[in-house]
Amino acid sequence: MMKLFWGDLHNHCGITYGFGALTNALEAAKGQLDFCAIIGHAMWPDMPERTEDTAFLVDFHNEGFAKLQADWEAIRSKVQEANIPHEFVTFQGYEIHSSEFGDHHVVSPSDELPLVYAASPQQLAEELAPYQVIAVPHHIGYTPGYRGTNWGAFRSDISPIVEVFSKHGCGMSDGSAYPYYHTMGPRDSRNTVFEGLNQGKKFSFAGSTDHHAGYPGSYGDGRVAVWAEEKTRESIWEAIKAGRTYAVTGDKIECQFTLNGACMGSEVEAASDRHLVLDAICADYIDKITVYKNTKPWKVVTGDSIMMETIPSKGSMSRYKIRVEMGWGESKHGYSWEAKASVENGKLLAADSCFRGQSVLAPEPGMSENLDINKLDNRLVEQTGQSLRWTCTTFQNPSTLHPATAAVILEVEGDEASRVVVEANGIKMEFSLAELLTGSRSMHVQPYSSEAILIHRAVPEAAYQVHLEWNDTEKDKDTDVYHAEIRQANHQFAWISPIFVKS
Ligand SMILES: [Zn+2]
């Protein structure tokens with residue numbers, strides 16, 4: 001029986017040219033994830049030449065690379081110590097930039113992984129082969145030759161997974177949500193996942209934050225889901241190599257996708273009758289589910305159509321998801337919350353956090369090291385069958401379109417008379433489920449420019465959980481590729497890895 005585990009295989013901190021202490025990064029990871037790799041920037045064989053214009057860029061890279069080299073032994077042993085089977089799993093790794101082949105991070109289950117230099121990601125992976133490594137292409141969608149991926153050089157044997165979403169944006173296709181707006185430039189269709197699949201490349205999907213201030217798993221920046229036997233390095237590694245992974249933006253959307261019983265990442269031989277099954281438990285209203293065949297939409301199911309087919313159950317106990325989001329205000333240095341949510345005349349079945357770290361993507365002139373930049377005390381303190389207590393720190397939203405809020409998601413069993421009570425920083429909100437099913441409710445802490453709490457509209461189970469089946473008898477190509485995308489109403493996504501059907 002496979003279990004679902006959540007991780008971040010690509011994130012940075014102060015061990016190279018990122019920010020924040022390694023210890024804080026590992027703490028943040030443990031708070032929301034089952035596994036992580038901490039990645040140090042290590043090399044850029046074809047870095048632009050140092051001129052007056054490029055001096056800052058070239059220097060901060062070289063200083064970062066040297067720092068990683070100097071501390072490599074110590075970093076490796078801290079990462080090793082944090083690996084506790086069945087509690088929290090770590091992997092070793094580091095990153096190679098490449099203008100020609102695109103940036104890759106190598107990930108390894110070996111604590112002996114040496115820091116070696118190579119001219120290309122492929123060459124690096126070959127040199128490290130005795131230690132078991134994969135090289136994961138990331139932010140693949142950049143312009144060819146400008147650190148976007150290079151499908152011509154792609155090899156499934158060393159890259160079983162590709163990072164399709166991170167803080168850089170989404171690399172699925174040139175039409176996907178979350179286009180690229182980093183200083184590294186725009187997204188180009190030639191370097192997207194769809195193009196790779198159309199060229200017959202075989203790989204599975206992963207999300208990871210590429211966080212640069214030591215907050216692996218930071219909500220909304222990318223996470224990877226893995227279907228593995230157990231929470232150990234060996235088991236998660238086996239699952240990654242087998243491609244039983246998929247990408248999400250942030251919400252832990254639980255998905256299973258099978259074809260004739262074979263799971264995502266599989267290669268299925270000569271199937272003429274193809275039975276596809278998709279199960280998903282989402283964290284918000286489902287907006288749209290698309291199953292793609294050879295990167296063309298093949299089946300589309302909308303959230304509205306799912307809801308229209310459901311008869312609401314009156315009076316009986318049912319499940320709901322309720323998101324409590326906090327933040328806003330104008331604190332640039334952090335605002336601390338102490339919060340509690342309780343359920344009256346109902347049960348709290350499960351809870352999950354959506355905590356973020358402060359966001360940095362690359363150093364800028366004038367920035368100085370701050371080891372505690374993301375020591376935020378974001379944590380679930382206590383959970384019972386009736387209530388949840390948590391603490392977190394939020395910041396002013398960096399722009400009106402970029403949230404820096406925190407949230408928890410409560411899964412509640414109750415009926416319309418059940419009540420949800422939220423108490424935090426001196427304010428108290430109390431509503432019945434019936435009322436929360438009609439819409440969201442917010443409240444401010446202060447009279448002006450204030451931090452606030454938003455209890456989102458309650459999501460009934462029928463709107464977040466789905467079981468779908470289809471049959472296909474048509475062979476379109478020698479290898480047909482099926483993958484899926486789930487979009488929630490809050491614009492959180494899951495990109496579900498392909499199943500390859502050979503005939
Ligand atoms: Zn990176």
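Reader: How much area is buried between domain 1 and domain 2, and what share do carbon and sulfur atoms give?

Author: In this predicted model, the area buried between domain 1 and domain 2 is about 2,000 Å². Carbon and sulfur atoms account for 59% of that area. On the side of domain 1, Phe19, Tyr215 and Tyr219 supply 34% of the area buried against domain 2, more than any other three residues.

Reader: What makes area a way to describe an interface?

Author: The accessible area lost when the parts come together is often used to give the size of an interface.

Reader: Where do domain 1 and domain 2 lie in the chain, and how far apart are their C-alpha centres?

Author: The domain assignment places domain 1 at residues 3-250 and domain 2 at residues 318-460. Their C-alpha centres are 29 Å apart. The contact takes 25 residues from domain 1 and 25 residues from domain 2.

Reader: How many salt bridges and how many polar contacts are counted between domain 1 and domain 2?

Author: The salt-bridge count between domain 1 and domain 2 is zero. For polar contacts the count is 14 residue pairs, with both residues at pLDDT 80 or more. Helix H1 (22-32) and helix H2 (55-81) are the elements that give two or more residues to the side of domain 1 that touches domain 2. By class, that side has eight nonpolar, 13 polar and four charged residues.

Reader: Why is Ser497 called buried?

Author: The cut-off for buried is under 20% relative accessible area. Ser497 has 0% relative accessibility, so Ser497 counts as buried. Ser497 sits in strand S29 (residues 493-502).

Reader: What does the side chain of Ser497 reach, and what lies 2.5 Å from one of its polar atoms?

Author: The side chain of Ser497 reaches the backbone nitrogen of Phe205 at 2.7 Å. The backbone oxygen of Thr245 is 2.5 Å from a polar atom of that side chain. Both distances fall within 3.5 Å, the cut-off for a polar contact. Leaving aside neighbours within four places in sequence, Ser497 is in contact with residues including Ser204, Gly243, Tyr246, Phe257 and His483.

Reader: Asp111 has a relative accessible area of 16%; is it buried or exposed, and why?

Author: Asp111 is buried, because 16% is under the 20% cut-off. Asp111 lies in the loop between strand S5 (104-108) and helix H3 (121-127). The side chain of Asp111 makes a polar contact with the side chain of Gln80 at 3.5 Å. Not counting residues up to four places away in sequence, Asp111 touches Arg76, Gln80, Gln92 and Arg233.

Reader: What makes Asp287 and Arg487 a salt bridge?

Author: Their closest N and O atoms are 2.8 Å apart, which is within 4 Å. The pair links distant parts of the chain: Asp287 belongs to strand S16 (residues 286-293) and Arg487 to strand S28 (residues 479-488), 200 residues apart. Asp287, at 27% relative accessible area, is partly exposed. Arg487, at 23%, also counts as partly exposed.

Reader: How far apart are the closest N and O atoms of Glu413 and Lys347?

Author: They are 3.6 Å apart, and the pair forms a salt bridge. Glu413 is in strand S22 (residues 406-424) and Lys347 in strand S19 (residues 335-354), so the pair ties together parts 66 residues apart in sequence. Lys347 is partly exposed at 46% relative accessibility.

Reader: Which residues are linked in a network of salt bridges?

Author: Glu126, Arg155 and Asp157 are linked in such a network.

How values were computed: Residues numbered from 1 in each chain as written. Predicted model: local features only at pLDDT ≥ 70, side-chain atom pairs only at ≥ 80, totals over all residues. Heavy atoms only, no water. Domains from an automatic or database assignment. Contact = heavy atoms within 4.5 Å. Buried area = accessible area lost by both parts, 1.4 Å probe. Salt bridge = Lys/Arg side-chain N within 4 Å of Asp/Glu carboxyl O. Polar contact = N/O pair within 3.5 Å; in protein donor to acceptor, adjacent residues only side chain to side chain. Helix = DSSP H or I, 4+ residues; strand = E, 2+ residues; numbered from the N terminus. Nonpolar A, V, L, I, M, F, W, Y, C, P; charged D, E, K, R; others polar. Buried < 20%, exposed > 50% of the residue type's maximum accessible area, 1.4 Å probe, protein only.
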